[in-house]
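This briefing is for a reader meeting the structure for the first time. Please look over the sequence and the model before reading on.

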Amino acid sequence: QVQLQESGPGLVKPSQTLSLTCTVSGGSVTTNYYYCGWIRQSPGKGLEWMGAIRNDGNTYYSLSLKTRTSISRDTSKNQFTLQLSSVTPEDTGVYFCARGRDLTRYDAWGQGTQVTVSS
């Protein structure tokens with residue numbers, strides 16, 4: 001079955017860019033009709049969809065985060081990445097990568113990685 005694993009720094013300073021990578025195994029980031037997405041959960045809040053990249057490379061972003069978010073992929077490594085710029089402590093939370101046939105609903109998830117924004 002498809003497995004996803006997030007990786008990246010657990011601590012980021014305010015105003016810097018958060019960068020996370022998701023490595024996919026048992027499946028491909030280019031499989032037809034599939035989306036690879038990023039979702040986060042901040043303390044005391046529900047899950048927030050951030051954006052996704054489709055198998056053809058098209059990207060889609062949450063309106064509230066669009067100006068700060070970039071999602072890309074490396075098909076040779078079967079990975080996709082998240083970059084979130086100008087972070088503040090409000091961006092602290094657990095970040096998940098996921099994959100599925102719907103833009104915002106996924107059937108395979110990574111375990112999540114904690115990111116703290118603090119000086």
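Predicted model: local features only at pLDDT ≥ 70, side-chain atom pairs only at ≥ 80, totals over all residues.

A residue is called buried here when its relative accessible area is under 20%, exposed when that area is over 50%, and partly exposed in between. By that definition, both Arg40 and Asp91 are buried, and these two residues also meet each other in a salt bridge.

**The salt bridge between Arg40 and Asp91**

- The structure holds five salt bridges, and in one of them the side chains of Arg40 and Asp91 come together with an N to O distance of 2.7 Å.
- Because Arg40 belongs to strand E4 (residues 35-41), while Asp91 sits in the loop between strand E8 (79-84) and strand E9 (93-100), the pair ties together parts that are 51 residues apart in sequence.

- Through salt bridges that share partners, Arg40, Glu48, Arg68 and Asp91 are joined into one network.

**The salt bridge between Arg54 and Asp56**

- Arg54 forms a salt bridge with Asp56, and the closest N and O atoms of this pair are 2.5 Å apart.
- Arg54 is partly exposed, with a relative accessible area of 22%, and Asp56 likewise counts as partly exposed, at 42% relative accessibility.

**Leu4 and its surroundings**

- Leu4 lies in strand E1, which covers residues 3-7, and its relative accessibility is 6%, so Leu4 counts as buried.
- When its neighbours within four places in sequence are left aside, Leu4 is in contact with Cys22, Thr23, Val24, Phe80, Cys97, Ala98, Arg99, Ala108, Trp109, Gly110 and Gln111.
- Leu4 and Val115 are separated by 111 residues in sequence, and their C-alpha atoms are 17 Å apart in space.

Definitions and conventions: Residues numbered from 1 in each chain as written. Heavy atoms only, no water. Helix = DSSP H or I, 4+ residues; strand = E, 2+ residues; numbered from the N terminus. Buried < 20%, exposed > 50% of the residue type's maximum accessible area, 1.4 Å probe, protein only. Contact = heavy atoms within 4.5 Å. Salt bridge = Lys/Arg side-chain N within 4 Å of Asp/Glu carboxyl O.
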